[in-house]
Amino acid sequence: MKKFLSIVLSFLLLDLFIGYSQPSDREANYAGDRVRFKALMYTDEYAEEVHVTFAHQSIEFFHKLTYGEGWIMDKVTSIENLSNEELSQYSVIICPDGLPSSKKERPLFEYYMDHGGGCVAFHASGYNDSDTAWPWLSQFLGCGYFKCNNWPPQPVLVEVDESNHPVTRALPKEFVVPASEWYQWQDDLRSKDNIQVLLSISQKNYPVGLKDIVYGGDWPIVWTNRNYRMIYLNMGHGDEEYIDPTQNLLFTNAFRWVVSTDPAGNPFDK
Ligand code: ZN
């Protein structure tokens with residue numbers, strides 16, 4: 001009997017030992033069988049260095065949000081080899097430093113967005129001028145061509161324009177966001193019925209910049225185009241964007257909101 005107990009104990013100890021010695025990948029695989037949606041992280045590795053830095057930090061930030069949340073994030077630097085069908089599997093494409101804009105990518109991205117796709121686009125993703133020569137992009141963003149920016153990057157006081165929106169509801173009415181390079185655009189976003197401005201740079205900041213100085217003007221920095229499941233956020237320059245909890249909340253809310261409007265149903269309700 002003693003021998004039997006000793007064998008049982010040995011097995012128990014062995015089991016404990018094996019259990020503890022397994023490499024822990026639980027967080028990454030926790031989604032298991034209840035994956036509710038998939039997101040695609042698209043990065044442009046040939047973008048300006050500081051924008052690539054933001055893109056890499058974005059991969060880290062959003063990857064952490066996959067822990068235990070039942071969703072998966074795939075990463076690509078091109079969508080050229082993906083079919084319309086494959087892209088349609090994604091609830092959202094996150095674009096931290098550029099949109100899929102090569103000759104082959106444009107029709108794929110347009111098709112994806114025109115058929116219910118979702119997009120969270122940051123900073124340089126919205127850059128658009130006469131050289132870009134992508135008419136679809138202008139109406140997608142709604143802001144027209146790039147007009148000017150401040151330099152160097154700096155923090156600014158921002159104001160919530162629409163406090164009933166799921167993206168901004170929990171944010172303070174005014175708050176200071178980390179240093180960024182802020183873009184102004186040629187079109188008046190507020191004059192467009194399909195555009196909803198959510199956040200703007202406060203007029204109290206003027207003048208903004210030390211080398212390139214912006215002296216005034218309406219300055220929306222986060223908005224949505226109601227014709228699409230999209231949100232654009234002007235933040236995304238350099239390595240100090242993910243240091244602020246309020247801004248991180250804004251980013252998380254923006255992502256969550258786009259995903260929640262999935263035409264197949266809100267994945268968070270599953
Ligand atoms: Zn920039």
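This is a predicted model: local features need pLDDT of at least 70, side-chain atom pairs count only at pLDDT 80 or more; totals for chains, interfaces and linings use all residues.
Gln196 counts as buried because its relative accessible area is 16%, where buried means under 20% relative accessible area, exposed means over 50% and partly exposed lies in between, judged with a 1.4 Å probe on protein chains only. This residue sits in strand β9, which covers residues 195-201; strands (E, at least two residues) and helices (H or I, at least four) are DSSP runs, numbered from the N terminus. When neighbours within four places in sequence are left aside, Gln196 is in contact with Glu162, His165, Val222, Trp223, Thr224 and Arg226, and contact here means heavy atoms within 4.5 Å.

Residues are numbered from 1 along each chain as its sequence is written, and side-chain values use heavy atoms, with hydrogens and water left out.

Seen as a whole, the protein has 7 helices and 11 strands, and of its 270 residues 48% count as buried. Among the contacts between residues at least 6 apart in sequence, 75% join residues at least 24 apart.

Leu171 gives an example of residues that are separated in sequence. Leu171 is found in the loop that runs between β6 (154-160) and β7 (174-180), and it counts as buried because its relative accessibility is 7%. Between Leu171 and Gln247 there are 76 residues of separation in sequence, yet their C-alpha atoms are 8.9 Å apart in space. Not counting residues up to four places away in sequence, Leu171 touches Val160, Thr246, Leu249 and Leu250.

Lys104 and Ile79 are 25 residues apart in sequence, while the distance from C-alpha to C-alpha is 8.4 Å.

We turn now to a pair of helices. The axes of helix α3 (residues 49-65) and helix α7 (residues 245-260) come within 12 Å and cross at roughly 65°, where axes are lines fitted to C-alpha atoms, for helices over the stretch in contact, and angles run from 0 to 180 degrees between N-to-C directions. That makes α3 roughly perpendicular to α7, since angles of 65 to 115 degrees count as roughly perpendicular, those under 35 as roughly parallel, those over 145 as roughly antiparallel and the rest as oblique. The contact is made by Phe61, Phe62 and Leu65 on the side of α3, and by Asn248, Phe251, Thr252 and Phe255 on the side of α7. These contact residues divide into 5 nonpolar, 2 polar and no charged; Ala, Val, Leu, Ile, Met, Phe, Trp, Tyr, Cys and Pro count as nonpolar, Asp, Glu, Lys and Arg as charged, and the others, Gly among them, as polar.

Aromatic rings can be followed from here. The structure holds 25 aromatic pairs, and rings of Phe, Tyr and Trp (its six-membered ring) pair if their centres lie within 6.5 Å, with planes under 30 degrees apart counted as stacked, over 60 as edge-to-face and the rest as tilted.

Some details of the backbone remain. The peptide bond from Trp151 to Pro152 is cis, with omega near 0°, and Pro152 lies in the loop between β5 (146-149) and β6. The bond from Tyr206 to Pro207 is cis as well, with omega near -5°, and Pro207 is placed in the loop between β9 and β10 (220-225). His123, a residue other than glycine, has a positive phi near 40°; it lies in the loop between β4 (118-122) and α6 (135-141) and is buried, with a relative accessible area of 0%. Ala133 is found in the loop between β4 and α6 and has a positive phi of about 45° although it is not a glycine, but Ala133 is exposed, with a relative accessible area of 54%.
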